[in-house]
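Visitor: Please show me the model, and then tell me on what grounds its contacts get their names.

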Amino acid sequence: MKNLLLSAFLLLSATLFAVPVQNVDSIYARLDKVMENRTLYMTNKEEKIQAIKQLLNIGNLSSEQAYDINLKLCYEYKKYKSDSAVFYVLKNIEIAKQLGDPYLRNKAEIELAWLYSTEGLYIESKELLDNINRASLSPKLLPGYYECYNEFCSHYGQSNGNSVYYTKSDHYRDSLLMVLNPGSLKFQIAQAENMLYKGKRKEAEKALLALLEKTTDKNPERAVIAYLLGRMYLNEGNSELQKKYFAISAITDMENSIKDNASMQSLALTFYKNGDVDRAFRFIEAAINDALFCNVRYRTIEGSSFYPIINASFQEKENRQKVELRLYLTLISILSLFLIAGIIYTYKQMKRISKIRKELFRTNEQLSKLNTELQQTNGSLSEANHIKEEYIAHFFDLCSTYIDKLENYRKSLHKKATNSQLDELFKTLKSTSIVETELEELYKSFDTIFLNLYPSFVRDFNVLLIPQEQINPRHGELLNTELRIFALIRLGITDSVKIASFLRYSLRTVYNYRTKVRNKAISRDSFEEMVKEIGTLKRD
């Protein structure tokens, strides 16, 4: 029980002092889970798109209504499958021409210029943007116009390495900030990005972390926020934080089926630099597949430049593991031969022991017969008194020694025979009374020690429950099942599987108890966290 208590205390200590590590580890665990479910997210995306497409089949749609539906499809396809987005934007340009509406045409052409930029059609994108009359452009379209120019300059600068376009991108970002609504999320992200690129690191970090807290994985913008944080920590050489925020960005991108993403490639490079080749290969492969699926040319080129390096390291590791596997198989084969030889040797020894036992049994029978004969012979002796006394004493001494040896031998045989009584052994093993008794004693010992540590646990526990739903042990009990489950949780054992194993209940029983008690709590959401804070250890 002392060992059990010590283990529980160490587990509690590890839980209290390892929260930051667990938080990061939980992000990576979720990242792997989301990575496995990418197909499911794509299926949901396709279903949403199909639902919007069904609206085009409604009869008597006006041109404006068709334009709006096409625009919705464009937005859904924009960072998912750019070719399809281009298809619906071109339809909107035709509708705008038919209606003679310059606003709708400019809106569609700005979207088309953005899509051409991502596909690497820089000439076509630039031509579209240059043909738009900035002076006559509606104020509503200015944010999209400047954002498109900003993205075009950034993409084109990346493709040819010309720093002039990065400078232009910064200028268009400044113009974008002047026309965006200061209260909008897009403004706040652009402002933080602007601070980051202008060297205002502390202000940018504070703004981005605040924005990250305000968003969830359902917000596609969260991927951009986390990515900017990852880039900031990358430039500072903080590999752990850059990996963390690239992972958050990748999770958001995958859950929203954003194929035009930078997070996957950045995360792959981060894992590669940290020596995690397996994950690096998975994510660079996913990044290239996403770029090809979405037809984002500049991301395909970027990913392809790193893929051979990561792939070479991955193949090298695979080959090394194959060599190690062959070595281990050889060692296992050799050990298996030794094991077989050991089994054969043990079997022969067991047969030999069995034979010896039979011989000893026969010898014992012969000795018993000889003892009887000796007694009979002793009765028939008619030697002289001197010879009689001499040999009778000698005989009794011999018999005494023999009896001692026989007794010791009998005890030895009795012990071996006792160890071979399989029926009695199986009967004892099948009995659960000893286990139940010991288990009951274990619970009593646990309850006593726990309440010695936390004497006010039952009272403090009931404070967290609705008054009419409070739980108290029956007369003669220290803790009942519900209290014992949450006593384990108080010690830091929160895993239902471990609780079920300790209390010898089924996993469903433990889950039902936890749910039932949580439903009685005043604050259901924070109930178990509040249980963990009950009481303080009693110290001498």
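Guide: A salt bridge here is a side-chain nitrogen of Lys or Arg within 4 Å of a carboxyl oxygen of Asp or Glu. The model is predicted, and by this rule the count comes to 27 salt bridges.

Visitor: Why is the pair D290 and R38 called a salt bridge?

Guide: The closest N and O atoms of D290 and R38 are 2.4 Å apart. The cut-off is 4 Å, so the pair qualifies.

Visitor: How do you know whether D290 and R38 are buried or exposed?

Guide: Buried means under 20% relative accessible area. D290 has 4%, so D290 is buried. R38 has 17%, so R38 is buried.

Visitor: What makes E76 and K45 a salt bridge?

Guide: Their closest N and O atoms are 2.9 Å apart, and the rule asks for a distance within 4 Å, so E76 and K45 form one. E76 lies in helix α4 (residues 63-78) and K45 in helix α3, so the pair ties together parts 31 residues apart in sequence. With relative accessible areas of 13% for E76 and 15% for K45, both residues are buried.

Visitor: Why does the pair R173 and E193 count as a salt bridge?

Guide: The closest N and O atoms of R173 and E193 are 4.0 Å apart. The rule says within 4 Å, and the pair is therefore listed as a salt bridge. This pair links distant parts of the chain, with R173 in helix α9 (residues 163-179) and E193 in helix α10 (residues 185-197), 20 residues apart.

Visitor: Why is E193 called buried?

Guide: E193 has 19% relative accessibility, and the limit is under 20%, so E193 counts as buried. R173 is buried too, with a relative accessible area of 4%.

Visitor: Which residues are linked in a network of salt bridges?

Guide: R30, D217, R222 and E255 are linked in such a network.

Visitor: Why are α10 and α12 called roughly parallel?

Guide: Helix α12 (residues 221-236) packs against α10 at an angle of about 10°, with the axes 11 Å apart. Angles under 35 degrees count as roughly parallel, so the two helices, α10 and α12, get that name.

Visitor: Which residues meet where α10 packs on α12?

Guide: In α10 they are L185, I189, E193, L196 and Y197, and they meet E221, V224, I225, L228 and M232 in α12. The residues of this contact divide into 8 nonpolar, no polar and 2 charged.

Technical notes:
Residues numbered from 1 in each chain as written. Predicted model: local features only at pLDDT ≥ 70, side-chain atom pairs only at ≥ 80, totals over all residues. Heavy atoms only, no water. Buried < 20%, exposed > 50% of the residue type's maximum accessible area, 1.4 Å probe, protein only. Helix = DSSP H or I, 4+ residues; strand = E, 2+ residues; numbered from the N terminus. Axes fitted to C-alpha atoms, helices over the stretch in contact; angles between N-to-C directions. Parallel < 35°, antiparallel > 145°, perpendicular 65-115°, else oblique. Contact = heavy atoms within 4.5 Å. Nonpolar A, V, L, I, M, F, W, Y, C, P; charged D, E, K, R; others polar.
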